[in-house]
Protein chains: 2
Amino acid sequence: MRSLLKIGELAHHTGCPVETIRYYEREGLLDPPLRSRGNFRLYDQKHTERLNFIRHCRSLDMTLSETRTLLKFRDVPEDSCLEVNALLDKHIGHVVERIAELSALQNELNELRSKCGGVQTTRNCGILQGLSGSDVSMPKNLGSHGGGCH
Amino acid sequence: MRSLLKIGELAHHTGCPVETIRYYEREGLLDPPLRSRGNFRLYDQKHTERLNFIRHCRSLDMTLSETRTLLKFRDVPEDSCLEVNALLDKHIGHVVERIAELSALQNELNELRSKCGGVQTTRNCGILQGLSGSDVSMPKNLGSHGGGCH
DNA sequence: TAAAACCTTGTAGCTACTACAGAGTCAAGC
DNA sequence: GCTTGACTCTGTAGTAGCTACAAGGTTTTA
């Protein structure tokens with residue numbers, strides 16, 4: 001009989017914070033585990049594998065929604081995996097697109113940067129002047145500094 | 001005497017949604033404008049310029065916090081703009097870093113993708129097997145699919 | 001037996017908006 | 001003068017994926 005892990009132990013084994021494990025359970029990505037008499041969560045090997053799967057997806061920057069989809073495929077071993085391939089292709093597409101966007105951004109930023117050497121007053125700073133121009137074109141992916149690509 | 005704009009007109013002029021303009025005011029990026037008798041916001045030319053500045057910063061993927069900082073510099077025209085340059089350099093650094101991360105991600109994803117041609121059952125799908133591995137290394141910037149780099 | 005380390009639920013916060021609900025205002029047409 | 005429709009107001013809740021508490025219960029160790 002395999003040993004059951006308390007949430008802190010599972011966290012330690014997987015490198016996933018305790019709070020995040022509980023969050024995944026709330027979100028339905030992890031099944032509710034057994035409970036001890038004192039109401040502590042007790043995880044088995046399957047939970048550990050599933051959590052590793054989830055974390056691997058997340059480390060590849062997939063959304064929880066994509067991850068959920070992949071877990072569903074994983075739960076039906078006889079199905080064709082065509083859709084798994086399609087999902088991954090789409091995800092790779094997002095990443096490629098985001099790289100292109102950021103590269104364009106980098107060019108714009110470098111150009112802006114070249115407008116001032118830092119020896120001006122802010123009144124004459126080419127950067128601030130550049131930012132004051134009204135030719136603003138908004139990219140689609142705004143606002144969430146922190147990492148994504150979707 | 002210049003004409004004053006209602007919020008919808010300002011939105012139209014700047015391409016910034018009405019709700020976002022009100023949000024910037026709440027966040028202290030835009031000064032509260034005059035009000036009409038009926039309590040409608042009335043914006044002058046300075047508001048328009050400031051909003052364009054903000055939107056330009058955002059289009060370059062700067063955070064509102066960075067934008068706030070740049071606005072402060074802009075408000076003190078006699079100061080040196082060394083810090084403006086520093087802020088921009090830092091921001092460019094973030095973008096470069098994020099591009100590197102996403103490129104690494106792209107490599108990993110391509111490798112994973114090559115493990116299956118979609119002709120398997122999910123049980124034998126190389127992609128799902130690859131995702132089941134426990135060698136998970138989490139990048140720093142997780143979770144916000146949508147655009148950032150900080 | 002007491003303290004420390006762990007666990008529980010529930011809630012609020014983070015970014016930068018976006019999307020309502022429910023009410024008030026204003027201009028044009030009849 | 002009245003109605004209709006477009007606009008505006010405030011306030012609140014939702015988005016993604018956690019993270020960080022508070023206030024309490026459990027287990028382990030000294």
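A residue is called buried when its relative accessible area is under 20%, exposed when it is over 50%, and partly exposed in between, as judged with a 1.4 Å probe on the protein chains only. This is a predicted model, in which local features need pLDDT of at least 70 and side-chain atom pairs count only at pLDDT 80 or more, whereas totals for chains, interfaces and linings use all residues. Residues are numbered from 1 along each chain as its sequence is written, chains are lettered from A and ligands numbered from 1 in the order in which they are written, and side-chain values use heavy atoms, with hydrogens and water left out.

Helices (H or I, at least four residues) and strands (E, at least two) are DSSP runs numbered from the N terminus. In helix H2 of chain A, residues 18-26, the buried positions are A:Thr20, A:Ile21, A:Tyr24 and A:Glu25. Viewed down the axis of H2(A), these buried residues fall within an arc of 145°, so they line one face of the helix; the arc is taken from the directions that run from the helix axis to the C-beta atoms. The face turned away from that buried side carries A:Glu19 and A:Arg26, which are exposed. The cover over the buried residues of H2(A), where contact means heavy atoms within 4.5 Å, includes helices H1 (7-14), H3 (45-59) and H4 (64-75) together with strands S1 (34-35) and S2 (41-42), all of chain A. After H2(A) comes A:Gly28, with a positive phi near 80°.

Over all chains there are two aromatic pairs. Rings of Phe, Tyr and Trp (its six-membered ring) pair if their centres lie within 6.5 Å, and their planes count as stacked under 30 degrees apart, edge-to-face over 60 and tilted for the rest. The ring centres of A:Tyr23 and A:Tyr24 are 6.0 Å apart with the planes at 50°, so this pair is tilted. A:Tyr23 is partly exposed at 33% relative accessible area, while A:Tyr24, at 2%, counts as buried. B:Tyr23 and B:Tyr24 also form a tilted pair, 6.0 Å centre to centre and 50° between the planes.

A pocket is an open set of points on a 1 Å grid over the protein atoms alone, with protein on both sides within 12 Å along at least five of seven lines, and its lining residues have an atom within 4 Å of a point. The lining of the largest pocket includes A:Ser132, B:Asp31 and B:Arg74, and its largest share, four residues, comes from H3(B).

Key
1 Å grid on protein atoms, 1.4 Å probe; cavity = no way out; pocket = protein on both sides within 12 Å on 5 of 7 lines; lining within 4 Å.
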